Amino acid sequence: MNVSDRALDFFFREGPAVFFTATPDFPWVIQSISGNVEAQLGYSVQSILNSPTLLWDSIHPEDREQSTKHVHILETKGSSEHLCRMRKTDGTYVLVQGEFRLLRDDKGAPEAVIGYWTDRTERERSRAILSAIPDSIFEVDREGRFTFYQTHRSLDLSRSTGMSLHDMMPKDVADLLLNAVQRALNTKETQTVKYVMPHGKTWRHYQANFGTSLSQDTAVAIIRDITDDVLHEKALSEQKRFLEEANVSLEQFVYIASHDLREPLIGVAGYATLLQKRYGTSLDETAHRFIEGITQGTRNMEAKIDDLLALSRVNRGNQMGSFPLGTAIDAAKRSLVGPLSTCAVEFKLPGVTPLLKGDRGQVTQVFQNLFSNSIKYRSPDKPVTIEISTKPDPQNPHMLIVSVTDNGIGFDPKHAERIFGVFQRLYTIQQYPGTGIGLAIVKKIVERHNGKVWATSQPGQGSTFSFTLPLAS
Ligand code: ADP
């Protein structure tokens, strides 16, 4: 074989197009076909030559009517182009696009059909993927002239043939986009810009990502309408601001109300004492009991007001710093006063105490409240033990889980969430003194440190209060 024969042989065996010749009358009988048909459809050249209708039969049944029409076009016009699906020997289909010519002899009588087809499956798949993308896609050159566009939703580029960014958009937006195009072309790095465009009587927000195309002298842009996201984000941040403001004014209200409630309370307590002092001798035992009731009631109320004030001040705590967990535990132990300090408590402390990031005074307060509860709600028949343990938070490597476990009276786990609410108690004040605010303060302090708090218990089995705190990095 000479060089050009070899080149043709190579082309027919390995090239992208399958060539054939056939008899001119329908149904055509294939008379020769290039060897690459085997790689494309799986049929050997010989099997096609042996079986005249093999290729026609492999056309997808839904495409046959259209294919017959194209045969007629060929017969009348002398040429035709055609797109159809052909079944491979493995049963799958490829999409092929072919071009056919009718050759005539000197007298004009049909002599043969010649033609070729190429596999368009991948191209068609890319087109289908592209058209399924809910964004607008376009390609522009360095001057901002459109070379390709595909639109979706509200950004209308449908009249953009032969136009440039500046013909289609307000000048400031076009300048911004053209700048991004040129940056993408110069740096070869993806550029992202956000902008707003008028749309009817409203405005819509867009995000454009520019990348460079294969030939490197045009930029491909994907434009996404982000209006819904922007509006959603705006609504969320407004809601957050509203909630924060509401929270601040609620805290101020609690603070002022607690302050102002003190005054009449001191008055009531004062008059009860006066009554006792001046008229004590002339009052009977029942009256003394009543006065004692008033005094006790005012003391309880004073304690509640103090705790409410403490609760309202949590968010105005000190700045966060770093400190070893052990220092907060020690400080809390030392601060146990009154009957709490006289009770024998066995503390089991963690071997190592990690460095935390937080408000040391408030973390001390957390331990103080939990320790005093462990002592207050102790079992009548056992000495108190309080064990403090720590472990890393599996859900967040920056947080530490701290647990305080006692051997006290415990509680029904169905109350495990409720007891963190303000004034939520499981006993009367006669059974156990208290205001029902201690755990609410614990929760608020932990949440100020971006942590969570929870409790587990069973009646008579002791309780465990766990919370997470940030580790110093
Ligand atoms: P207070 O102790 O003043 O009632 P808290 O907010 O500290 O208020 O606790 C709320 C309730 O949770 C308590 O009334 C008690 O019923 C229950 N509780 C708290 N800590 C323990 C504990 N260590 N063991 C058993 N019950 C507890």
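Predicted model: local features only at pLDDT ≥ 70, side-chain atom pairs only at ≥ 80, totals over all residues.
Student: Which residues are closest to the ligand?
Tutor: Count a residue as near if one of its heavy atoms lies within 4 Å. Here 20 residues surround the ligand, and Asn373, Tyr377, Asp406, Arg425 and Leu439 are the closest.

Student: What divides the shell by residue type?
Tutor: Ala, Val, Leu, Ile, Met, Phe, Trp, Tyr, Cys and Pro count as nonpolar, Asp, Glu, Lys and Arg as charged, and the others, Gly among them, as polar. The shell has eight nonpolar, nine polar and three charged residues.

Student: Which atoms lie by the ligand's oxygen atoms?
Tutor: Look for polar contacts, pairs of N or O atoms within 3.5 Å. A polar side-chain atom of Tyr377 is 2.8 Å from a ligand oxygen. For a polar side-chain atom of Lys376 the distance is 2.9 Å. Leu426 brings a backbone N or O atom to 3.3 Å from a ligand oxygen.

Student: How are aromatic pairs read, and how many are found?
Tutor: Rings of Phe, Tyr and Trp (its six-membered ring) pair if their centres lie within 6.5 Å; planes under 30 degrees apart are stacked, over 60 edge-to-face, the rest tilted. The whole structure has 20 such pairs. The Tyr377 and Tyr432 rings have centres 4.9 Å apart and planes at 50°, so this pair is tilted. The two residues are 55 apart in the chain.

Student: What limits apply?
Tutor: Numbering starts from 1 along each chain as its sequence is written, and side-chain values use heavy atoms, without hydrogens or water. Local features need pLDDT of at least 70 and side-chain atom pairs 80 or more, while totals for chains, interfaces and linings use all residues.

How values were computed. Polar contact = N/O pair within 3.5 Å; in protein donor to acceptor, adjacent residues only side chain to side chain. Helix = DSSP H or I, 4+ residues; strand = E, 2+ residues; numbered from the N terminus.
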